[in-house]
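Let us read one structure together. We take one feature at a time.

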Amino acid sequence: MKCEAQRLVWSPPSAIVSGKPFRRSFGVLLPFRFFWMACPLALWLGLTLAVQQATAQAPQKQAGMAYQVWAFDGSSYRQVFAPEQTPELYLLIEHPVALSAHRTLLYYWPLTDRYMADWSGLNQALSGTLELLQSDHLVKTVEPTSVSLVQSGTGTSTPVVSLVTGAEAGRQYAAYRAALDAYARQMTEYDQAREVYEEQMAEAMKRVGSGERDVPIPSPPVEPPPPNLYATRPISAFVFTPEEGYYTLQLRDPSGQVVTGSSRSVVAFGPQRRGLSYTVIPEKKWTQPEQSLIPDETLYLAEGSVLYLQPRVAQEYNEAYYRRLKDPQDTQGREDRSVWVPQELVSDGVVEVVSADRTIRSITEQPYLVRQTGGTALGYTITEYHSDQTPEEQPTFRAYRLELDVRSGRWTLRMRDGAGQVVAGSERAVRLLNNKRRSWLYLPALVPAIMALVLHIWRRGRQG
Amino acid sequence: MLDLAVLGARAVRRAWWVLVRYRIWALLHGRSFYVVATGGLILSAAVVGDFISFVTTAGLAVSRDPLRVPLSVLLNLAAVYLALLIAVGISLERQQGTLLVLSFGPVTSWSYLLSWLVAKVLAYLVFCGVVMVGLAGIVAIAGLGFSPRLIASMLLSALTAMAIISFGMWVGSLSRDTRGSILIFLAISVVLVVIEALHAYLGSLAPEQLSGLLLPISRTVGLLSRVITWISPFSYLPRGLRALFDNDWVDYGLASTAALVYSSGWLLLAKVSLERRGVQP
């Protein structure tokens with residue numbers, strides 16, 4: 001048994017047997033020494049390589065093919081640059097997309113790790129027919145058409161951007177130009193009226209100053225509202241509405257040849273889930289609203305907090321797809337993650353505050369007006385808007401006002417749509433924090449000390 | 001007739017379990033464990049207090065887990081403390097001759113190192129339990145919610161915390177005395193933290209600001225940082241915690257598997273170091 005136990009013991013190390021001193025056995029230090037040697041080596045190597053690349057300050061430009069894409073990102077249209085070096089295009093389904101094909105000078109910009117275009121050096125619009133293929137079968141051909149992006153409701157909190165094609169694009173642009181010209185005329189008239197008003201006002205003040213009574217005070221002119229329409233100059237582009245799936249896209253020139261560098265793989269994707277997000281405007285910082293995108297999130301309030309809620313439709317997309325939709329050169333998005341994107345406002349419904357399955361408050365949407373406070377001090381007030389009281393003003397925003405006049409507690413917020421159904425994904429926990437006993441927060445830090453004391457007493461009791 | 005090999009293996013197992021119990025017991029009867037837990041909870045209370053101040057000032061905060069930061073601080077603190085303790089403990093046992101005495105008993109190098117590792121991982125879980133009670137108190141006073149997910153996150157983070165603890169074990173097996181352990185541990189930690197901080201700083205600069213020598217430095221630091229993501233013992237716990245907080249079970253699975261493989265690597269290196277270094281001071 002003794003012999004067996006000796007065999008199991010980790011064999012008395014050679015250091016004991018041979019009496020090899022600690023400092024001589026450098027072998028064990030190898031990983032550590034290697035780390036210290038490798039660090040400066042890697043630093044030097046990285047610096048050398050990086051310096052070599054960085055010295056090439058002027059980028060080499062090459063003529064190539066690029067698409068300018070007007071793609072819908074869930075809430076609006078955005079312009080996306082897709083050079084031939086990025087072989088994939090990600091597009092949202094159910095929304096028309098416009099592509100214009102160009103021959104331009106492309107170059108790699110190491111500072112941002114992106115391919116860029118020198119449009120001023122070369123910008124040749126390419127004509128032809130756009131082809132969409134699925135498994136090498138032609139599924140669609142698209143001819144170029146006139147396209148304009150039109151934004152209606154400009155200046156309001158709910159502008160709507162749409163892609164307008166064909167003759168309608170020209171009409172909308174003409175309407176926008178006409179509205180702009182009319183606005184310029186009205187502004188000129190307004191400026192003149194304003195000058196007259198200021199002169200009359202100065203005269204009236206002078207008369208009041210000289211002791212005259214019952215001086216009529218002139219009314220100021222009303223500033224004309226800016227046009228609530230905006231339209232881009234129509235361009236020639238290929239417009240189609242993608243259906244979910246994988247495609248190949250290519251441009252065939254008028255001579256029937258596929259344009260070099262025009263082929264792209266298209267991933268047309270839709271939302272994974274739909275829900276409801278809230279834009280939450282705290283009364284104390286109305287210019288800095290917060291977003292609550294998912295039901296997992298909690299709204300933390302303090303006593304006296306007043307919130308203005310703007311519910312929005314939200315859709316969940318694959319993170320990698322969505323990021324590449326906004327930027328085809330993105331490499332950060334991950335396909336195993338998702339992202340929630342808030343979209344259009346929801347106004348036909350009621351926001352409910354629920355406590356223990358009981359609705360304690362129902363809130364309807366109201367228009368609100370934000371006014372700067374008078375004087376030199378900073379500040380503003382948010383008041384309910386009444387069109388009969390201030391007909392010359394427009395509401396600043398519309399929202400559901402939430403004010404909880406209690407000191408602490410927990411509630412759930414949810415929304416019912418116009419039909420009275422609870423909107424899926426609209427639930428949010430609301431917690432009112434206790435800011436009165438902040439110094440008490442340090443008391444639980446004594447828990448480990450109390451445990452140590454209890455253990456010590458118990459041990460002493462056992463020993464003696 | 002009894003099989004001597006079976007008897008020997010049983011003796012090793014019994015000795016291993018005695019060592020594990022002894023190490024946990026020694027830790028719980030010391031002061032440092034409670035001091036670190038108290039310090040961590042004071043920090044957490046300060047962070048929660050700041051959060052309440054922010055909400056009071058701004059009127060609102062939208063968050064999934066306001067306890068995310070204090071919990072990360074607490075768990076990282078626990079893992080680093082236990083790693084330092086294991087590094088110091090092994091070199092102290094060598095310094096005091098305990099290692100030499102143990103080497104003549106039914107203790108193999110594997111069972112010796114595993115007793116440290118298992119004891120410290122269990123101590124990590126005990127630490128989680130202790131601070132959980134404290135955190136529950138803080139949460140109740142503040143009016144924050146304490147979700148079951150946070151409790152699960154604390155317990156599941158033990159796998160990724162093992163990366164830091166096993167690194168400490170390797171440092172302990174490497175050095176002759178406690179001073180050497182502390183110095184090696186701190187030196188490596190400082191290098192890793194400085195590179196990460198530098199990477200974060202350079203990453204925050206706009207591309208236009210990265211001109212001249214900053215660009216190559218930024219690239220090199222970026223490269224080093226990418227390497228460090230895999231070799232740094234301190235990168236696994238935050239990665240695992242992030243995945244747990246985000247309910248990203250795929251990421252958590254990857255992080256914990258990588259941490260297990262990584263910890264096994266340090267365990268192996270520690271065994272080699274221990275056997276080469278010997279048990280004598």
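**Domains and a helix pair**

Q: How many residues of domain 1 of chain A are in contact with domain 2 of chain A?

A: This is a predicted model. In it, 19 residues of domain 1 of chain A are in contact with 16 residues of domain 2 of chain A.

Q: Which strands each supply at least two residues of the side of domain 1 of chain A that touches domain 2 of chain A?

A: They are β2 (77–83), β3 (88–92), β5 (114–125) and β13 (264–269) of chain A. β3(A) gives the largest share, five residues. By class, this side of domain 1 of chain A has ten nonpolar, five polar and four charged residues.

Q: How are two packed helices described?

A: By the angle between their axes and the distance between the axes. Here, take helix α6 (residues 447–463) of chain A and helix α2 (residues 32–58) of chain B. Their axes come within 8 Å and cross at roughly 160°. An angle over 145 counts as roughly antiparallel, so α6(A) is roughly antiparallel to α2(B).

Q: Which residues make the contact of α6(A) with α2(B)?

A: From α6(A) come V447(A), P448(A), A449(A), M451(A) and A452(A). From α2(B) come Y34(B), A37(B), T38(B) and L41(B).

Q: How do the residues of this contact divide by class?

A: For α6(A) with α2(B), eight are nonpolar, one is polar and none is charged.

Methods. Residues numbered from 1 in each chain as written. Chains lettered and ligands numbered in written order. Predicted model: local features only at pLDDT ≥ 70, side-chain atom pairs only at ≥ 80, totals over all residues. Axes fitted to C-alpha atoms, helices over the stretch in contact; angles between N-to-C directions. Helix = DSSP H or I, 4+ residues; strand = E, 2+ residues; numbered from the N terminus. Parallel < 35°, antiparallel > 145°, perpendicular 65-115°, else oblique. Contact = placed C-beta atoms within 7 Å. Nonpolar A, V, L, I, M, F, W, Y, C, P; charged D, E, K, R; others polar.
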